[in-house]
Amino acid sequence: MSGLGQDGADALWRGSPHPVLVVDAAGLITRVNHAALRLLPAAMPGALLADAAPAWLSHAHAHAHARLDPRLDDLRERGPIGPATFEAQPVREDDGVAWWLADVTDLERATQALRLERERTAFLDTASSELLSSLNLERCMEVTTRLAARHLADAAMVILPPHRRRHPVAYCGPDGTVVREELAVDPEDVPGLAEALQGYPPLPSRWIDPAAAPAWLARDGVGEVGSMVVSALPGHGVPAGALVLLRRGGQACFSEGEEVFARLFAARAGAAMSAARLYAEQAAITETLMRELLPPRVRSLHGVEVAARYRPSEQAARVGGDFYDLHAAAEPGGESLVVLGDVAGKGLEAAVLTGKIRHTLRALLPQAEDHQRVLELLNGVLLTGGDRTRFVTLVLASLLRVGNRVRLRLTSAGHAPPLIVRADGRVEEARTRGTLIGMLERVTSVTDTVLLEPGETCLFYTDGISEARGGPLGDEMYGDERLKEELRQCGGMPPEAIAERVEMLASQWVRGGDHDDMAVIAITAPRGAHLSAVGGNGRGRFTA
């Protein structure tokens with residue numbers, strides 16, 4: 001630069017492609033190059049900067065002159081000049097401050113685009129987390145509409161495929177309140193909605209003329225709708241629904257970038273709602289199947305009092321390997337059948353075998369008078385499965401009320417014999433035994449006949465009671481003798497109290513630790529004469 005001379009340097013400075021203005025402490029422009037004059041025609045030497053340039057540059061100049069520090073590197077300012085954005089960099093000169101201006105419009109746009117992309121990415125992450133935090137379909141609908149109305153439009157609506165000829169709908173307006181309804185509407189009335197509800201193949205978003213939209217779609221709370229677009233909510237191989245976005249009049253229509261962003265959001269919402277729908281369907285199927293596996297409702301059997309308790313090994317489970325069934329006689333003079341069983345193993349696999357056994361026994365009810373024959377047929381059914389690691393122990397009890405007494409025919413198949421609790425507190429063990437079912441080709445059994453006097457009880461229990469481990473040291477079995485000792489204090493008690501006491505004692509013994517399935521049934525002879533209900537209607541009751 002020094003070899004050019006002063007005139008050459010001034011000429012080079014004036015011809016610089018970057019606009020440069022030199023402004024003194026009073027705010028007067030002292031020098032200006034050609035590029036600055038083309039950008040700011042009023043910025044002539046001697047003119048006030050405040051009159052010739054935008055206010056942001058004049059304020060930046062005042063701040064620069066107020067600083068005592070000669071370094072001005074950190075005082076870069078940005079602002080608009082016409083349609084473009086410029087960055088002003090101050091440099092101290094002898095006669096003031098030189099402001100070098102650089103066009104950063106493209107950089108500013110790129111920065112804004114990057115910031116917007118980061119915000120959208122953060123929003124999608126947050127939306128995904130909130131959508132996937134629940135497998136409840138109604139909640140997913142509410143979250144989708146609320147997020148869409150807050151971040152994508154002024155109002156939003158989620159429409160699901162029809163259920164019983166009505167479409168579940170969730171709507172969120174500008175006030176943020178979500179309303180869920182079921183509407184009998186025709187998707188063909190809204191262009192693109194029927195296709196979006198089909199879910200496959202994926203379709204682009206479809207614009208809707210707000211003036212032609214039905215009233216259930218364009219609602220009063222939004223005001224005048226300026227633009228409306230419908231997008232499919234793609235699911236996992238099944239249609240998840242459709243998302244409608246509404247934007248008020250006077251606002252810009254959805255840009256191409258906003259449409260892409262809305263589709264990305266719709267994809268996440270559709271995946272979440274599809275997962276929630278599949279979970280709900282599977283839960284309904286499970287509930288239907290589980291209903292067949294649950295223990296039956298306990299009821300009296302032709303005047304014989306019956307009580308039961310059941311506790312599966314897993315806290316989250318409702319069924320397990322222990323089971324019981326009550327089959328009332330077709331007529332009051334016939335024998336009713338009570339079954340208590342224990343399948344090898346626990347959890348869902350044991351419950352499946354339990355269901356198979358219960359259904360088989362139900363089919364064998366016509367032959368229930370012959371316990372040995374029933375056990376042989378059941379054994380044959382289980383052996384056809386081929387898995388001899390899955391077996392069952394059980395007790396069959398055919399009971400008949402004779403006056404105020406109850407006659408029991410008891411047959412054990414590899415199971416602990418029932419205990420008889422006499423009215424005076426004596427505890428007797430039924431003299432029945434037999435081979436377990438599902439392992440050997442031939443089964444044997446011994447049937448014992450027991451007569452219960454009024455108030456006396458026959459107790460059936462599974463090894464989840466007698467083999468419960470716990471106690472003071474945590475590894476001691478509860479045991480049959482300890483159970484008998486407790487039952488000696490239960491003479492004359494009603495069956496509900498005995499069953500509850502036995503289950504409670506075993507549960508306290510394990511102290512919340514791991515345990516096997518527990519099942520208890522108590523059968524008690526009526527403690528007095530049967531009285532009919534007033535008017536002859538109802539179940540009646542027994543006197544003490």
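# Reading helices and buried residues

Tutor: Let's start with a pair of helices: helix 5 crosses helix 6 in a right-handed way. A crossing is right-handed if the near helix is turned clockwise from the far one by less than a right angle, and left-handed if anticlockwise. Helices here are DSSP runs of H or I with at least four residues, strands are runs of E with at least two, and both are numbered from the N terminus.

Student: Before we go on, what kind of model is this?

Tutor: A predicted model, where local features need pLDDT of at least 70 and side-chain atom pairs count only at pLDDT 80 or more, while totals for chains, interfaces and linings use all residues. Residues are numbered from 1 along each chain as its sequence is written, and side-chain values use heavy atoms, with hydrogens and water left out.

Student: Back to the pair, then. At what angle do helix 5 and helix 6 pack?

Tutor: Two packed helices are described by the angle between their axes and the distance between the axes. Helix 5 (residues 105-131) packs on helix 6 at about 160 degrees, and their axes are 10 Å apart. (Axes are lines fitted to C-alpha atoms, for helices over the stretch in contact, and angles run from 0 to 180 degrees between N-to-C directions.) Helix 5 is therefore roughly antiparallel to helix 6. The cut-offs are under 35 degrees for roughly parallel, over 145 for roughly antiparallel, 65 to 115 for roughly perpendicular, and oblique for the rest.

Student: Which residues of helix 5 and helix 6 make the contact?

Tutor: From helix 5 come Phe123, Ala127, Glu130 and Leu131; helix 6 brings Arg139, Cys140, Val143, Thr144, Arg146, Leu147 and His151. Contact means heavy atoms within 4.5 Å.

Student: And what is the reach of helix 6 from its first C-alpha to its last?

Tutor: Helix 6 covers residues 137-151, 15 residues in total, and reaches 21 Å, close to the 21 Å expected at 1.5 Å a residue. (The expected span is 1.5 Å times one less than the number of residues.) At its start, a side-chain oxygen of Asn136 comes to within 3.1 Å of the backbone nitrogen of Glu138.

Student: Which residues of helix 6 are buried?

Tutor: Buried means under 20% relative accessible area, exposed means over 50%, and partly exposed is in between (1.4 Å probe, protein chains only). In helix 6 that gives Leu137, Cys140, Met141, Val143, Thr144, Thr145, Leu147, Ala148 and Ala149.

Student: Zooming out, how many helices and strands does the chain have?

Tutor: There are 13 helices and 26 strands. Of the 544 residues in the chain, 46% are buried. If you take contacts between residues at least 6 apart in sequence, 58% of them join residues at least 24 apart.

Student: How do helix 12 and helix 13 cross?

Tutor: Helix 12 (residues 480-487) and helix 13 have axes that come within 11 Å and cross at roughly 135 degrees, so the two helices are oblique to each other. Their crossing is right-handed. On the helix 12 side, Arg482, Leu483, Glu486 and Leu487 meet Ile498, Arg501, Val502, Leu505 and Trp509 of helix 13.

Student: Is Ser507 buried or exposed?

Tutor: Buried, at 15% relative accessible area. Ser507 lies in helix 13 and, leaving out residues up to four places away in sequence, touches Arg311, Gly512 and Met518.

Student: Which strand holds Ala242?

Tutor: Strand 11, residues 242-248. Ala242 has a relative accessible area of 0% and is buried. Its C-alpha is 8.2 Å from that of Met157, 85 residues apart along the chain. Beyond neighbours within four places, the contacts of Ala242 include Met157, Leu193, Ala196 and Val230.

Student: Where is Val222?

Tutor: In the loop between strand 9 (206-208) and strand 10 (225-232). Val222 counts as buried, at 3% relative accessibility. Val222 and Gly173 are 49 residues apart in sequence, with 6.5 Å between their C-alpha atoms. Not counting residues up to four places away, Val222 touches Ala155, Tyr171, Pro174 and Arg248.

Note on methods
Polar contact = N/O pair within 3.5 Å; in protein donor to acceptor, adjacent residues only side chain to side chain.
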